[in-house]
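The sequence and the structure come next.

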Amino acid sequence: EIKRKKKMKKLCFLFLTIVLGLSLQSCLHDDKTLFDQPAAERIDKSVSDYTQLLESSEGGWMLHYYAGKNYSYGGYTLLLKFKNGHVTAMGDVQDPEEQATSGYEVVKDQGPMLSFNEYNKVIHPLAEPWLGNPDGVQGDYEFSILRATNDSIYLRGRKWKNEMVLTRLPKDASWEEMMMGIITVKDGMNVNTYDCFLGTDSIGQCNLDGSTRRFTMTIGDKTLDMPYCTTPTGISLREPLIFNGKKYQNFTWNEESRSLQEGDLRIVQFLPKNHKDIDFWIGTWRLKTSLRKKITLTLSMGSVANTLKGKLQIGSIQYEILLTYNPATGKLELPGQPVTDPTYTYPAGIVLIPGSKQEGKLFGEGKGSLLFTWDEDMQRATAEDSGQITGHAVDSFFGVAYGEDLSPIMKPDGSYTYAFTLPGIEYMTKIN
């Protein structure tokens with residue numbers, strides 16, 4: 001009898017274990033079903049809500065866009081207006097006066113995602129590859145939507161993970177005036193070097209590089225380096241500067257004082273001794289090379305902004321070349337370029353090609369250049385390699401002659417035919 005009762009208890013315990021296990025599995029399945037359905041519904045609703053929010057701004061939105069993994073490239077200002085599944089964009093990416101309209105969509109990913117799913121010639125160049133650089137400036141055209149208020153939408157680039165914010169613009173915002181403001185600020189900030197003052201105290205120097213769109217500042221042994229965006233009234237740093245517990249991030253440009261200011265922090269432009277205006281370079285210069293002959297370069301204003309036309313006199317022959325002026329550095333740049341043959345000796349003309357006398361190499365047109373920097377102490381413009389070719393230094397230019405087949409004319413020994421050469425360029429001095 002005792003054995004029978006023990007056996008019955010075991011059977012009952014086994015039965016209860018099976019029933020409880022099945023019940024628990026059923027409950028878990030029901031809970032999962034109940035959880036999944038509302039989650040999907042929530043995402044669908046957020047997609048709809050974000051679409052409505054984007055299209056609710058009649059004046060559009062401003063996006064401070066940061067490129068490069070870990071914010072390693074520069075900042076751009078985009079103006080975006082969303083309507084009926086389309087986005088219209090302007091920005092300081094390429095042509096700041098250009099508008100472009102294309103499709104967009106808020107879609108479901110792991111969460112809601114803003115996708116510029118049709119090519120837009122304002123937005124997509126930031127995500128396009130360059131020749132020799134498959135990642136370009138490492139920009140995104142798809143963004144996870146992190147959160148939003150009525151006036152701000154917080155985004156994260158899907159591929160490069162940089163975070164940025166869409167800020168609602170006023171209903172009556174004039175995009176044309178805003179872009180003209182950005183252009184005016186950029187034109188004013190045409191020098192890279194600045195002194196920094198907190199109140200009346202000097203706290204060091206900083207650099208605002210308009211070409212890389214980056215701000216750098218050294219304080220003691222610490223260096224700050226971050227991208228910035230140009231705004232219609234000044235600049236906005238990606239992260240605030242903090243001094244004495246105060247934050248400084250959005251600076252206003254003052255054209256008269258050539259400075260940026262927020263509160264008691266002023267960033268004042270200054271010109272180093274070697275910075276020269278474009279007008280300084282106009283005139284006739286003697287070019288010092290390793291050749292024992294007189295070579296002069298007469299410069300006049302070019303037909304395009306920040307260019308100078310050059311008449312290169314070698315012996316009795318004069319060649320016309322083009323140099324570019326960098327207003328941020330005050331330097332001249334001599335790049336490789338086609339040159340018209342004034343003697344009509346060479347059917348396809350001449351190509352001025354950068355090279356190295358020291359290495360005995362030509363680098364090819366478009367590869368490398370020379371910079372001329374004014375040396376106040378020596379009273380001459382020193383020639384220096386621009387640093388465009390890793391591991392090599394340009395110190396010369398060679399006028400390679402081209403034939404009817406548009407190829408270099410070769411000598412019987414396999415070497416190039418030169419119309420002229422400028423080997424070992426050291427500096428140039430002004431004659432008048």
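## Second largest pocket

The residues that line the second largest pocket divide into 8 nonpolar, 5 polar and 3 charged, where Ala, Val, Leu, Ile, Met, Phe, Trp, Tyr, Cys and Pro count as nonpolar, Asp, Glu, Lys and Arg as charged, and the others, Gly among them, as polar. This is a predicted model, in which local features need pLDDT of at least 70 and side-chain atom pairs count only at pLDDT 80 or more, while totals for chains, interfaces and linings use all residues. Residues are numbered from 1 along each chain as its sequence is written, and side-chain values use heavy atoms, with hydrogens and water left out.

The second largest pocket holds about 300 Å³ of space, and of its 16 lining residues the closest to its centre are Tyr66, Met164, Val165, Arg238 and Gln249. Two or more lining residues come from each of strand E1 (61–66), strand E8 (152–157), strand E9 (163–168), strand E14 (234–243) and strand E15 (246–254), and E9 gives the most, with 4 residues. Helices (H or I, at least four residues) and strands (E, at least two) are DSSP runs, numbered from the N terminus.

The search for such spaces works on a 1 Å grid over the protein atoms alone: a cavity is a set of points where a 1.4 Å probe fits but cannot get out, whereas a pocket is an open set with protein on both sides within 12 Å along at least five of seven lines, and lining residues have an atom within 4 Å of a point. Grid points are joined across faces, edges and corners, and a volume is the space filled by probe spheres set on the points.

## Largest pocket

About 720 Å³ of space lies in the largest pocket, which is lined by 25 residues, with Lys186, Asp187, Met189, Gly210 and Ser211 the closest to its centre. Helix H2 (175–188), strand E11 (201–209), strand E13 (222–230) and strand E21 (317–326) each supply at least two residues of this lining. The largest share, 5 residues, comes from H2. Sorted by class, the lining of the largest pocket has 11 nonpolar, 9 polar and 5 charged residues.

## Cavity

The count comes to 1 cavity of 30 Å³ or more, and the largest cavity has a volume of about 30 Å³. Its lining is made of Gly91, Val93, Gln94, Asp95, Glu98, Lys121 and Val122, which by class gives 2 nonpolar, 2 polar and 3 charged residues.

## Salt bridges

A search of the whole structure finds 16 salt bridges, each being a side-chain nitrogen of Lys or Arg within 4 Å of a carboxyl oxygen of Asp or Glu. One of them joins the side chains of Glu239 and Arg238, at 3.3 Å from N to O; Glu239 is partly exposed at 38% relative accessible area, and Arg238, at 23%, also counts as partly exposed. In this scheme, buried means under 20% relative accessible area, exposed over 50%, and partly exposed in between (1.4 Å probe, protein chains only). Glu255 forms another salt bridge with Arg258, the closest N and O atoms being 2.3 Å apart, with Glu255 partly exposed at 40% and Arg258 partly exposed at 24%.

Glu376 and Lys276 meet through their side chains in a salt bridge of 3.6 Å, N to O. This pair links distant parts of the chain, 100 residues apart, with Glu376 in the loop between strand E26 (369–375) and strand E27 (380–385) and Lys276 in the loop between strand E17 (265–269) and strand E18 (283–288). Glu376 is partly exposed, with a relative accessible area of 33%, whereas Lys276 is buried at 19%. Asp92, Lys186 and Arg213 are linked in a network of salt bridges.

## Surface patch and a loop contact

Met410, Tyr416 and Tyr418 form a nonpolar patch on the surface, with about 260 Å² of accessible area together. Patches are made of residues with over 30% relative accessible area and no salt bridge, like charges being joined within 9 Å and nonpolar side chains (Val, Leu, Ile, Met, Phe, Trp, Tyr) within 5 Å; accessible areas come from the Shrake-Rupley method with a 1.4 Å probe, and for residues only the protein chains shown count as cover. Met410 is in the loop between strand E28 (396–401) and strand E29 (418–422) and is partly exposed, at 41% relative accessible area.

Leu291 is found in the loop between E18 and strand E19 (295–301) and counts as partly exposed, at 28% relative accessibility. The C-alpha atoms of Leu291 and Pro423 are separated by 7.0 Å, although the two residues are 132 residues apart along the chain.
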